[in-house]
Amino acid sequence: MSTPLPSAPTRTTRPPLRWSTFAAPVRFHALTGRLIPWLWLLTLGFAAAGLYIGFFVAPTDAVQKDAYRIIFIHVPAAWMSMLLYLAMAFWAVIGWAFNARMASMLARAIAPTGAMFTVLALWTGALWGRPTWGTYWVWDARLTSELILLFLYLGFLALVHAIEDVRRADRAGALLAAVGAINVPIIYFSVKWWNTLHQGATISLTAAPKMAQTMLTAMLLMTLACWAYAFAVVFMRARAIAVERERGADWVRELQQAGGRR
Amino acid sequence: MNWGSASAFWEMGGYGLYVWGSYGVALGLMLIEPALAALRYRAARRAAADLDDDPETDA
């Protein structure tokens, strides 16, 4: 038998990244724990820039005067409410299709933040509508479908908490989330498909925006701020859910040993 | 700069109630939400620790 060739000294290598790497709660927990502080930094940075431009650089609107400045929180909140719903539905379905419990936990983590942005969109919209339209509310297609979005978020949360078996609850939630997803394009196209009091699209992916550049910049910066915020809070909640659900698991035990009660 | 004075800024051309009512609620919600999430995480870690403190039984 020939002598084996000397082998290179083994070094500790991390296993290659795969799509499923962070499906493991322990790895999800570790990664998000490192990301959260940076996400908060981004949130504050974008918000500071966006609010500064929105209030001190962007000019007064010719028609709406300074009431229009609500736009810098209203539009980002509305966009987040729709985007987060799609993300929630996506992860819920992934959790169902691949029996990936971390994905289902992530969907549950997204729901309250999505609901919060929906409430904020409705609230800021009402306060903007009062001085400009003369009313806090109207049952037009955009406002009504956004209200329905809120009910869908709350319905999802109520449903998953009503079913005792956690994985069955996840699957039921996934079904509700998936079916409800049709509402998001309805909200988006509502101002095009129906005659609404809510104004039509000012920004599109294909045409030039019909809005002053500084206003647009401020709005986009605030959107990035809301996005970073959403990531931060959703990750915080997802980590909590992971520790709750996996209480007896080895990785949670090791967490305790490593970091005490923190 | 858009504002002649600090009071002009707060007044927002007469729309102060609506503008600050919007941003005030936004700030409030965006402070409460992460606080609740942090509390939830801490409670989860505590519950996990308490589980370990109990005398363990074989599954």
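A: One term before we start: two residues are in contact when heavy atoms of theirs lie within 4.5 Å. Also keep in mind that this is a predicted model.

With that cut-off, take A:I73. Skipping its neighbours within four places in sequence, A:I73 is in contact with A:L120, A:T124, A:M222 and A:C226 in chain A, and with B:S22, B:Y23, B:A26 and B:M30 in chain B. A:I73 also belongs to the largest nonpolar core, which has 85 residues. Along with A:F72, A:Y85, A:M88, A:F117 and B:M30, A:I73 is among the residues there that touch the most other members. As for where this core comes from, α7(A) supplies the largest share, with 19 residues.

The crossing of α1(A) past α7(A) is left-handed. Sorted by class, the residues of the contact between α1(A) and α7(A) come out as 26 nonpolar, eight polar and one charged.

Now for the partner in the other chain. α1(A) also packs with helix α2 of chain B, residues 16–53, at an angle of about 170° and with the axes 15 Å apart. That angle makes α1(A) roughly antiparallel to α2(B) as well. On the α1(A) side the contact is made by A:H29, A:W40, A:L51 and A:F55; on the α2(B) side, by B:V19, B:W20, B:Y23, B:P34 and B:Y41. By class, the contact of α1(A) with α2(B) has eight nonpolar residues, one polar and no charged ones.

To put the helix in its setting, chain A has eight helices and zero strands. Its C-alpha atoms fill a box of roughly 90 × 45 × 40 Å along the principal axes. Of the 262 residues in chain A, 47% are buried. Among contacts in chain A with a separation of 6 or more, 75% join residues 24 or more positions apart.

Definitions and conventions
Residues are numbered from 1 along each chain as its sequence is written. Chains are lettered from A and ligands numbered from 1 in the order in which they are written. This is a predicted model: local features need pLDDT of at least 70, side-chain atom pairs count only at pLDDT 80 or more; totals for chains, interfaces and linings use all residues. Side-chain values use heavy atoms; hydrogens and water are left out. A crossing is left-handed if the near helix is turned anticlockwise from the far one by less than a right angle, and right-handed if clockwise. Helices (H or I, at least four residues) and strands (E, at least two) are DSSP runs, numbered from the N terminus. Ala, Val, Leu, Ile, Met, Phe, Trp, Tyr, Cys and Pro count as nonpolar, Asp, Glu, Lys and Arg as charged, and the others, Gly among them, as polar. A nonpolar core is a set of buried Ala, Val, Leu, Ile, Met, Phe, Trp, Tyr and Cys residues joined through side-chain atoms within 4.5 Å. Buried means under 20% relative accessible area, exposed over 50%, partly exposed in between (1.4 Å probe, protein chains only). Axes are lines fitted to C-alpha atoms, for helices over the stretch in contact, and angles run from 0 to 180 degrees between N-to-C directions. Angles under 35 degrees count as roughly parallel, over 145 as roughly antiparallel, 65 to 115 as roughly perpendicular and the rest as oblique.
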